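This report describes one protein chain for a reader who has not seen it before. Please look over the sequence and the model before reading on.

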Amino acid sequence: MADVRRLPVVVFLTGALIVAGVAGRPAGKAGDKVALTPGPAPSEAPALALSSSWFCAGGSVPGGAAPGELLLDNVGPRIINAAVRLVSSSGRARELNLSVSSGTAQLVPEQVPAAAAAPGATGATGASAAPWVGAMVTLYGGAASVSQVVSTREGSASQPCSSSSSSQWYFPDGAALRNASDEISLLNPYPVDAVADLSFTTEQGLEQPDAFRGVVVPAQGLTVLDLGAHLRRRSHIAVTVTTRGGAIVAYQTELVTKPPAGAPRLGTPGALDPVLPQPGVSLTLGAAQTSTSWWWPEGADGPGYVERYVVYNPGGGTARLTLSLVAAGSGAGLGSASQLTVGPSSTLVVTINGQPWALPGIAYAARLRSTNGVPVVAERSVTAGAPSLYRGIGSLLGQAVPASQWLVAPNVQVLEPRIWLEVVNPGTEPAVVLVDFVSRGKREPVGGIPGLVVAAGQHAEELLSGADTDQVLVLSSSQPVLVEKDSYAAAPANGVSLAPLVVLGR
């Protein structure tokens with residue numbers, strides 16, 4: 001069985017990287033204006049910063065549902081000192097001080113002193129009794145960042161920590177089924193309590209259980225909510241988190257265990273208690289704002305590799321949208337598009353496999369654009385099982401803020417020792433992309449690979465393997481681009497990790 005993700009977009013030949021042409025038609029021809037909603041990227045590590053703050057959640061203590069680690073990485077020219085405060089959902093805390101040398105990364109297990117569950121932390125209130133952990137990290141210097149990593153028997157996933165907080169967060173998709181749990185972690189990095197309200201759009205409509213209203217997120221503390229406590233047997237859950245005052249950070253951890261033997265799969269006609277077919281874990285930092293334009297640098301579908309785009313419209317107006325696939329090919333290239341409509345406070349799930357406009361067996365970038373100005377939030381999710389080479393689940397929110405420099409954290413998950421860097425150029429000029437590692441405070445090219453040329457409105461990818469995946473890297477582009485980092489586990493292992501990168505410079 002051929003790997004459906006790996007079409008000849010890139011070809012390695014005697015150390016050189018050859019990039020095939022990509023159609024710009026679905027994303028707009030070169031010269032068209034690209035409208036992106038203004039706003040900061042959720043994770044930024046400016047090179048000249050004197051210090052930066054990072055807020056992480058979504059993992060548990062060792063032995064919990066999703067054991068977590070922090071990954072601190074430094075591409076700056078000198079040692080970075082870090083102050084780490086770990087807090088648990090039971091109210092316990094631990095403080096650490098450490099240093100990260102130039103060009104290196106350091107893992108920090110999220111271990112917090114054991115304690116009994118906090119009062120009220122039971123399924124009756126929707127609060128998770130599992131020992132979950134959040135972190136507040138201060139890095140004293142620039143060009144350094146922090147990521148959250150979770151590793152389970154079902155797979156591993158990572159996500160950059162947030163460098164900002166917000167009074168509102170959105171998650172387009174989740175599930176609470178027999179073998180699927182959905183946990184929302186709310187971290188408050190400030191010295192005053194915050195109060196949050198959660199509302200949900202499910203296949204049963206708009207839901208606002210009382211247990212998820214007026215949720216207290218303690219000062220410099222963590223509250224974790226098990227959505228399945230009050231939204232049982234929901235196959236699709238979109239979430240809006242809003243604070244009544246103050247700002248917080250929100251993460252989603254989705255864990256799918258092996259389905260029971262003989263259990264009906266989700267989508268089976270007449271099934272009363274269905275299950276998801278493929279075990280895995282995904283970790284998502286929420287979207288702090290809606291947008292009229294979202295990009296995904298990589299997409300694909302094929303036998304055993306199921307791709308969905310979930311669009312969530314939390315507003316009061318109907319959104320009219322175009323979902324475009326931007327693929328590689330010969331001559332004028334390949335591409336397709338579909339028109340979508342999503343009503344207010346509603347979601348739309350688009351499964352690419354089997355669509356008449358799908359591009360099976362071909363890798364592509366994807367763009368979702370609002371044609372009537374109504375902003376939305378959207379997520380790409382994948383399920384990989386037989387006969388695909390890969391096993392696991394993964395999800396990735398769309399990106400809306402291009403940048404010219406990105407930090408690439410090393411691959412610490414127990415997956416294939418390879419990283420795919422997927423790049424899309426949403427601008428009007430060609431972009432030349434370089435990947436460097438840091439040695440003795442200076443940047444050096446990775447493997448002598450020449451510049452990756454990405455034409456306007458097109459996408460390309462680059463494979464890193466071997467020792468390159470263990471290094472902290474810098475991706476630089478002559479034009480602002482959008483980038484994601486993907487890694488996959490081949491059977492019999494589980495694990496699909498899709499993650500954005502940390503912005504180093506606009």
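The model is predicted: local features need pLDDT of at least 70, side-chain atom pairs count only at pLDDT 80 or more, and totals for chains, interfaces and linings use all residues. Residues are numbered from 1 along each chain as its sequence is written, and side-chain values use heavy atoms, with hydrogens and water left out.

**The chain**

The chain holds zero helices and 36 strands. Helices (H or I, at least four residues) and strands (E, at least two) are DSSP runs, numbered from the N terminus. Of the 506 residues, 58% are buried, where buried means under 20% relative accessible area, exposed over 50%, and partly exposed in between (1.4 Å probe, protein chains only). Among contacts (heavy atoms within 4.5 Å) with a separation of 6 or more, 80% are between residues 24 or more positions apart.

**Two strand pairs**

Strands pair if DSSP finds at least two bridges between them. The table lists two such pairs.

| β34 (residues 473-488) and β35 | antiparallel | five bridges | Lys485 and Ala499 |

Strand β19 (residues 280-285) is largely enclosed by the rest of the structure, because six of its six residues are buried. Gly280, Ser282 and Thr284 point one way from β19, while Val281, Leu283 and Leu285 point the other way, and all are buried. Strand β35 (residues 496-500) is mostly covered, with four of its five residues buried.

**The disulfide**

A search of the whole structure finds one disulfide, a term that here means a pair of cysteine sulfur atoms within 2.5 Å. Cys56 and Cys161 form it, with their sulfur atoms 2.1 Å apart. Cys56 lies in strand β3 (residues 52-60) and Cys161 in the loop between β10 (155-160) and β11 (168-171), so the pair ties together parts that are 105 residues apart in sequence. The torsion about the S-S bond of Cys56 and Cys161 is about 115 degrees, so this disulfide is right-handed. Cys56 is buried, with a relative accessible area of 0%, and Cys161 also counts as buried, at 0% relative accessibility.

**Val133**

Val133 sits in strand β8 (residues 132-140) and is buried, with a relative accessible area of 0%. Leaving aside neighbours within four places in sequence, Val133 has contacts that include Gly58, Val87, Val112 and Leu222. The C-alpha atoms of Val133 and Leu187 are 9.2 Å apart, although 54 residues separate them along the chain.

**The largest pocket**

The largest pocket has a volume of about 600 Å³. On a 1 Å grid over the protein atoms alone, a pocket is an open set of points with protein on both sides within 12 Å along at least five of seven lines, and lining residues have an atom within 4 Å of a point. Grid points are joined across faces, edges and corners, and a volume is the space filled by probe spheres set on the points. The lining has 28 residues, of which Leu276, Pro277, Arg308, Thr383 and Ile393 lie nearest the centre of the pocket. Strands that each supply at least two lining residues include β12 (180-188), β21 (305-313) and β27 (392-397). β26 gives the most to the lining, with five residues.

Conventions
On a 1 Å grid over the protein atoms alone, a cavity is a set of points where a 1.4 Å probe fits but cannot get out, and a pocket is an open set with protein on both sides within 12 Å along at least five of seven lines; lining residues have an atom within 4 Å of a point.
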